[in-house]
Amino acid sequence: MLRLAFCGLGAIGTPMARHLASGAFDLIVWNRTTARATAFGEAQGVRVADSPAHAATDRDIVVTCLPTSRDVASLLDGPDGLLATLAPGATLLDCTSGDPGTSRQIAARLAERGVRFLDAPVSGGVNGAEAGTLTVMCGGEAADLERVRPVLEAFGQRIVHAGPVGAGHALKAVNNAMLAMHIWGAAEGLAALAKAGVRPDLALEVINASSGRSNTTENLFPQRVLTGAFPRTFRAALLDKDVGIAADIARAEHVPSPLLQLTAELWRMAHQELGEEADHVEAVRVVERLAGVALRSGPLSSSEPSA
Ligand code: NDP
C-alpha cells in the first residue's frame, strides 16, 4: 500500500485529499491551520501530522496543494520542514498551480537528497475535485509520473505528461490566463450590450449558440453572474497569481504578448479592489462598477452600490 502525506487542505486540496482517504492508501494529512486538519482527520478517519516533517516521515509520496510555489518552498527547511524527513526514493508531488522557475529550484534541492519532484497542477475546479474528474498536467520524468499515477487517478480523469519539471505549471498558468481573458472579455462585452439596451441573459443565449461561446459564457455567467450568486470556489487572488505567471513566462521567452500583459494588469487591479477572499468571477463586479451596469437576469438595472 502506498504511504502518502497530503499537505494543504484548502478549497481544492480538501476534496482531492478525500479521494485519497478511501482506504486504498495509507494517508496522513497536514495543514497550516491545525483545526482544518483535525476536522478532516476526524471526518475521514485518517491520521493528522503536527508538522510537515512529521507528515513526510516514512512516506513514499508527499502531495502539496498550496497557493504558490513560494509557499511550497517555505515548507522544505528547518527541523519541522519536509527535508528533515523526506527519504531518498520518495517523491514530492506538487499539485499547487505554481511557477516553473521556483519548481526547478525545488526539484534541484530535492535531487541532492535523492528525492524526486513532479509539478502536477490540476484543472476542473472544486466540482471536478469532488467528482474525481480533474485534469492533471505533469512536469517531470515519465518514470516518476508512472510511480505516482495511482494517486493522480484517485482524483483525476485525464492525466497528461506535459514535459520536464515546470511544464505542468506553465501549461496551467496559460490555461488560467485564458480563463481570465474570457471572464474579463465577456464582462466588458455584456456591459456594452446592456448599455446599448440588450439584456445580458438574452445576449448570452445568442453568444452560447454562436462562435463567441466559452465555458465562461456557457457556465460561469449563467450560474454565477446572471443569478448574482457569486459562490466562492477559487479566489481572485489565485487567478491574479496565475495570469502573472503566464505573463512572466511570455516575457522570459521573448514572445510579444500585449494581451497577456494587459490581462495581468487588469487582474492585479481587480485583486487589489476585491481583496484576498473574493471569488475570481467577482472580477465581473469591477467591470460592472466601471460601466455602471449590473449583468443580472431580467430587466436592465444599474450596478449595485456594493459592486
Ligand atoms: P485556498 O486558499 O483555499 O487554500 C490554501 C491552502 O494552503 C490552505 O490549506 C492553507 O492553509 C494553505 N497555505 C497557505 N499558505 C501557506 C503557507 N505559507 N504554508 C503552508 N500552508 C499554506 O487555495 P485552493 O485550495 O483554492 O488552491 C490551492 C492551489 O490549487 C492554488 O495554487 C490554486 O491556484 C490551485 N487551484 C485551485 C482551484 C480551485 O478551484 N480552488 C482550481 C485549480 C487549481 P490554512 O488552512 O492555514 O489557510
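Student: Where in the chain is His 254 found?

Tutor: His 254 is found in the loop between helix H11 (236-252) and helix H12, where helices (H or I, at least four residues) and strands (E, at least two) are DSSP runs numbered from the N terminus. Please keep in mind that this is a predicted model, in which local features need pLDDT of at least 70 and side-chain atom pairs count only at pLDDT 80 or more, while totals for chains, interfaces and linings use all residues. Residues are numbered from 1 along each chain as its sequence is written, and side-chain values use heavy atoms, with hydrogens and water left out.

Student: Okay, and is His 254 buried or exposed?

Tutor: His 254 counts as exposed because its relative accessibility is 71%; buried means under 20% relative accessible area, exposed means over 50%, and partly exposed is in between, with a 1.4 Å probe and protein chains only.

Student: What about its backbone, what is phi of His 254 near?

Tutor: Phi of His 254 is near 60°, which is a positive value in a residue other than glycine. Most residues other than glycine have a negative phi.

Student: Asp 58 has a positive phi too, so to speak, but where is the place of Asp 58?

Tutor: Asp 58 sits in the loop between helix H3 (52-56) and strand E4 (61-64), and its phi is likewise near 60°. Asp 58 counts as exposed because its relative accessibility is 53%.

Student: Let's switch to His 169. Which helix does His 169 lie in?

Tutor: His 169 lies in helix H8, which covers residues 167-195, and it counts as buried because its relative accessibility is 1%.

Student: What does the side chain of His 169 reach?

Tutor: The side chain of His 169 reaches the backbone oxygen of Thr 96 at 3.0 Å. That is a polar contact, meaning a pair of N or O atoms within 3.5 Å; within protein, one must be able to donate a hydrogen and the other to accept it, and residues adjacent in sequence count only if both atoms are side-chain atoms.

Student: Which other residues is His 169 in contact with?

Tutor: If we leave aside its neighbours within four places in sequence, the contacts of His 169 include Ser 69, Asp 94, Gly 98, Asp 99 and Pro 121, where contact means heavy atoms within 4.5 Å.

Student: New topic: where is the place of His 280, and which residues does it touch?

Tutor: His 280 is in the loop between helix H12 (258-274) and helix H13 (283-291), and at 5% relative accessibility it counts as buried. Not counting residues up to four places away in sequence, His 280 touches several residues, among them Leu 179, Ile 183, Arg 224, Phe 234 and Trp 267.

Student: What about Leu 2, what is it in contact with?

Tutor: Leu 2 lies in the segment before strand E1 (3-7), and at 25% relative accessibility it counts as partly exposed. Apart from neighbours within four places in sequence, its contacts include Phe 25, Asp 60, Arg 147 and Val 151. The C-alpha atoms of Leu 2 and Phe 25 are separated by 5.5 Å, although the two residues are 23 apart along the chain.

Student: Zooming out, how many helices and strands does the chain have?

Tutor: The chain has 13 helices and 9 strands, and 51% of its 307 residues count as buried. Of the contacts with a separation of 6 or more, 64% come from residues 24 or more positions apart.

Student: What radius of gyration does the chain have?

Tutor: The chain has 21 Å, which agrees with the value near 19 Å that a compact globule of 307 residues would have. The radius is taken over C-alpha atoms, and the globule rule is 2.2 Å times the number of residues to the power 0.38.
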